[in-house]
Amino acid sequence: MPVATLLPFTATPNRKSASPTSFRLTEKFILLLVFSAFITLCFGAIFFLPDSSKLLSGVFFHSSAVETNTRTGPDSSDPGSAGNDERVLAKIKKDHEKALLEAKDTLQKRPDEIKQDILNDKDKVAKESLGQGGNDVNKLPFVEYHRPPGATGHEPEDPEAKDRRAKIKEMMKHAWGSYRRYAWGSNELRPVSKQGHSSNLFGSIKGATIVDALDTLYIMEMFEEFDAATDWIEKNLDFNVNAEVSVFEVNIRFVGGLLSAYYLSGKEVYRRKAVELGEKLLPAFKTPTGIPWALLNLKSGIGRNWPWASGGSSILAEYGTLHLEFMHLSKLSGNPDFAQKVMNIRKVLNRLDKPQGLYPNYLNPNSGQWGQHHVSVGGLGDSFYEYLLKAWLMSDKTDEEGKKMYYDALQAIETNLMRKSSSGLTYIAEWKGGLLEHKMGHLTCFAGGMIALGADGAPGDKTGHQMEQAAEIARTCHESYARTALKLGPEAFRFDGGVEAIATRQNEKYFILRPEVIETYMYMWRFTHDPKYREWGWEAVQALEQHCKVEGGYSGVRDVYASTPNHDDVQQSFYLAETLKYLYLLFSDDDHLPFDHWVFNTEAHPLPVIRKEKTDIPNEVE
Ligand code: DMJ
């Protein structure tokens, strides 16, 4: 039918026409019926044609998918396209059948066979991605995960220890539950004002308490909470921030927390996140000496040092507290850069002259020269010494350089900094250009645990001597608690002006839920089983419950000598990571996170010993 013949029907019905070709009404009606039947048929054909949805979208919606198909796929006018559709349908059918067969096959397999299949698949994917090269965290090499021993414990047989351990778990529930309720996603909790708290140590990275608490949740078998934390991390933990962070704090809390969570649970998300963050920290090492900056902008990769640090220096306890985490990052990522960076720090240190064999707290990353000659086993120095010892232990005692550096440094500390008060309390003073300041920080109290941990390997028959030193430091630190009104330790205490183990300056009287004293009790208990360490730990628990517990969590206090607590309104993330974990372990049996398999980073995150005979399997610890 010529198109022209249809034209009258496009006219409105009441339009008058004198044309001889005009139709009668019945004819018009019949033609209208035929025409509408034709239209319906055409329209219906659109729906009944194969793959009609694509066709419709091509007609009615100008989608990019359709556009792509028309550009790269077969032309719809191509006579072969019907055959293509059939082939597609046949392929879908075949895939379905294959999947069904595989599922049936899998159901008939034993669990160990299924596990092996999964491992093989993973291996295949890993090999493929390795072939593509690069350090993309999404293409991490395959790592065979072995659950390390003692990740969770069992109920202690001793009924008192059992009850006390249960009490510590209750404390964790209160601390975690309050954080979850009032500050979920913030870095820390303000337990009095019941809101989030953000410290500028982490820039705009969020969730410090979540990451720091992960392994404590795990070892206490709080799995519902652990899963909620994992979920938050998967969805929200973001390191792509334009913010300046403390390299040290982010490493010990975030990298350390993620690594531990990986080793305890085997969840890949933790390995991925740890490596991703580790890679973001690498630009901090771009200095003439390779001694890293203290602060780093994670987006720009620009670093700098604390403005208050002597002569633009980096800080010993900061650049010296990366070793454990970075060795594990290299093992888990296959990227040797991490290990090389921290080994280079040692090279720089070993080339330098050390005054009296001591390590000053300040080192300029540009010149490679010491800043002010200030030496401390507390703030600014502490965990550098800890990591020398633990690097040796974590290497399955193969890192002879770390071992030598540790025992040499400890000897210099004993000779130059360790003193006894007139009533016989051993303390570790601070050294400023050859002069002693008879002050010991709460932070320094970790040294009791460290010296006990290293005593066994001490050269020249010094094991007994070092155990005595460790016990004496534990006693001194206990005295610093016992001599206060609240039975909680001050930030720093002095041995001068007629006082012993007492803070004399107002700005040294606060307690911020720090772990170091309890950490030392835990190590001393493991090595001696002297019940006094559990008693001292229990005293601390009672004081925490009485003076730090508030409705919305746990808070630090401003003055431990005041008869009633003045709360500082901060629940530090290390309270969950360290203080509560060390308390829990103090009342656990020794096979829970056993020392011959695990080494704690300075934030109490357990990392497995890397066995020398199995270095090809990064997390193999047995
Ligand atoms: C923690 O973040 C770590 O233990 C660090 O090494 C020193 N200070 C705090 C806890 O007091």
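How do the residues of the lining of the largest cavity divide into nonpolar, polar and charged? In this predicted model, eight of these residues are nonpolar, two are polar and one is charged. The lining itself is made up of Y319, G320, L322, H323, V342, I345, R346, L349, F384, Y387 and L388, and two elements, α14 (337-351) and α15 (382-394), each give two or more residues to it. Of these, α14 provides the largest share, with four residues. The space in this largest cavity is about 100 Å³, and the model holds three cavities of 30 Å³ or more.

These details sit within a protein of 622 residues, 52% of which count as buried, and its secondary structure consists of 21 helices and 18 strands. When contacts with a separation of 6 or more are considered, 67% of them join residues 24 or more positions apart. The accessible surface of the protein amounts to about 28,800 Å², and carbon and sulfur atoms account for 55% of that area.

Is E249 buried or exposed? Because its relative accessibility is 12%, and the cut-off for a buried residue is under 20%, E249 counts as buried. Once its neighbours within four places in sequence are left aside, E249 is in contact with L201, F202 and F254.

The other residue, D382, lies in helix α15, a helix that also gives two or more residues to the lining of the largest cavity. The same cut-off of under 20% applies to D382, and since this residue has a relative accessibility of 13%, D382 likewise counts as buried. Which residues does D382 touch, not counting those up to four places away in sequence? Its partners under that condition are A317, S376, V377, L443 and F446.

Conventions: Residues are numbered from 1 along each chain as its sequence is written. This is a predicted model: local features need pLDDT of at least 70, side-chain atom pairs count only at pLDDT 80 or more; totals for chains, interfaces and linings use all residues. Side-chain values use heavy atoms; hydrogens and water are left out. On a 1 Å grid over the protein atoms alone, a cavity is a set of points where a 1.4 Å probe fits but cannot get out, and a pocket is an open set with protein on both sides within 12 Å along at least five of seven lines; lining residues have an atom within 4 Å of a point. Grid points are joined across faces, edges and corners, and a volume is the space filled by probe spheres set on the points. Ala, Val, Leu, Ile, Met, Phe, Trp, Tyr, Cys and Pro count as nonpolar, Asp, Glu, Lys and Arg as charged, and the others, Gly among them, as polar. Buried means under 20% relative accessible area, exposed over 50%, partly exposed in between (1.4 Å probe, protein chains only). Contact means heavy atoms within 4.5 Å. Accessible areas come from the Shrake-Rupley method with a 1.4 Å probe; for residues, only the protein chains shown count as cover.
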